[in-house]
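Here is a short report on one protein chain. Keep the sequence and the 3D view side by side as you read.

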Amino acid sequence: MLDIQLLRTDLEHITHKLASRNYPFPVEQFNQLEHERKIVQTRTQELQAKRNAASKSIGVAKSKGQDVSEILAEVANLGDALKLSESKLEQIQSELQAMLLEVPNLPHDSVPEGSGEEDNQEIRRWGVIPAFDFEVRDHVSIGEGLNMLDFETAAKLSGARFSLMKNNLARLHRALAQFMLDTHVQEHGYIETYAPYLVNQSSLQGTGQLPKFEEDLFIVSAGSSKKNPLELHDHFYLIPTAEVPITNIVRDEIIPLKALPLKFVAHTPCFRSEAGSYGRDTRGLIRQHQFDKVELVHIVHPDQSYVALEELVGNAEKILQKLRLPYRVVALCTGDMGFSAAKTYDIEVWLPAQNTYREISSCSNCEAFQARRMQARFRNENGKPVLLHTLNGSGLAVGRTLVAVLENFQNADGSVSIPEVLQPYMNGLDRLLTAGGK
RNA sequence: GGAGAGAUGGCCGAGUGGUCGAAGGCGCUCCCCUGCUAAGGGAGUAUAGGCGCAAAACGCUUAUCGAGGGUUCGAAUCCCUCUCUCUCCGCCA
């Protein structure tokens, strides 16, 4: 959420910046509401002050045993006018609030201008793209060839966009997550967390998924509920990313200065409805309703958030380097950034079968955008509560990393070599070979 | 699922209709006293918002005692709903 003070004092500039990310801010509607707000709020507060003064004098008079009927008559008509004014104010405030909750974050000055993916800016590349002396296969063909990846059975169990892994592939998937967690905890100083996979509405509003992107989420309610889950008070949402529960750790909190920065890592499944992505990446593990991700979250002092962003990206890159997977880092342009981000770097890993780089991590500095929604603050040098800055990034998406390993480490005979750093997690195994059985 | 108890400031804790944004304590900040230390004395110490001011300061004002609604001229206090915590019983990985 943007600071409403900014909108009041610097509307033109803000509108211009929002336009660069394809968000047309409703200037007239805002001005109209603000105008009304000012009038109604002033009137309401005057009436409240009047009532408070009268009530106080009634109390004083009564304690002295004086007659209060005169003062009572004076305030008799106040009640209705006040109630009317209060409800009008409330209506205006909630309209303003609803408007603000839909406005995306302002891009940082260093973000390249652009309308879409094609305007993103490549920052650096790492690694050597592997050369194959045989026809490369994609991860689906490799996985099915090993008899370890089974989309047909997954479709029977659940439907489209689900997967079933078996045998050493399932183990390799687990190994990847363990390896990522261990690296971030032991080498990068993150606090390991285990957090809920079902969260409430407030948490999703805090990180920016609600109210605008409800259609991307899965909603769940207790089995005994017959009604539409949305009408129920007691429904949950499946997390679309661990960013939601982890960042919301600091919602409605005031963190002591000396506790900063906070760096959390969590390995969780993520659930996304993928509404609006029909026909995209329908083959394989790239775009699933359920996938695992190791998520990194930084909660930092505002002065430190851009330093932290570089650190965060570096931490995620380290995983790919250790796995020896070639990648590039891209700075997203204004038009391609997510709702809450002020600046985002994507890390894209090389996928031989697609002959291109594909997103495997997205690292964002949200500045105070989420913190303002969450009322997440710290006590500054002068003892005053100030909004924190929040950052998050994948370190990494486990399923997509598995895809990259399968494709980059494939051999002519259909086997897949296991990256050295993962072998300790695989009981020393150095190669995936075709498994027997169903 | 059943029965009961509770939720008050950074923390503890008092407060059952009026001058209560809230006693007292702890913590923290500043000052005094003390050769140093320990002890002691005094003052201060919530958050968010609105309006005014060129403006920091400041002044006026509103809201906030788990959340929302209600009763009342007036609610931390009375009523209703919800959330969460704790205890006991049941069920359960």
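## Strand pairing

Valine 199 stands opposite tyrosine 237 in strand 5. These two residues belong to a pairing in a predicted model. Strand 3 (residues 198-199) and strand 5 (residues 235-238) run antiparallel and share two bridges. Two strands count as paired if DSSP finds at least two bridges between them.

Strand 5 also pairs with strand 4 (residues 219-221). That pairing is antiparallel too, with three bridges. Here valine 220 faces phenylalanine 236 of strand 5. In a regular strand, side chains alternate between the two faces of the sheet.

## The whole chain

Chain A has 13 helices and 16 strands. Both are DSSP runs numbered from the N terminus: helices are H or I with at least four residues, strands are E with at least two. The C-alpha trace spans about 100 × 50 × 40 Å along its principal axes.

Now take contacts, meaning heavy atoms within 4.5 Å. Among those in chain A with a separation of 6 or more, 73% link residues 24 or more positions apart.

## How the model was read

Residues are numbered from 1 along each chain as its sequence is written, and chains are lettered from A in the order in which they are written. In this predicted model, local features need pLDDT of at least 70, side-chain atom pairs count only at pLDDT 80 or more, and totals for chains use all residues, while side-chain values use heavy atoms, without hydrogens and water.
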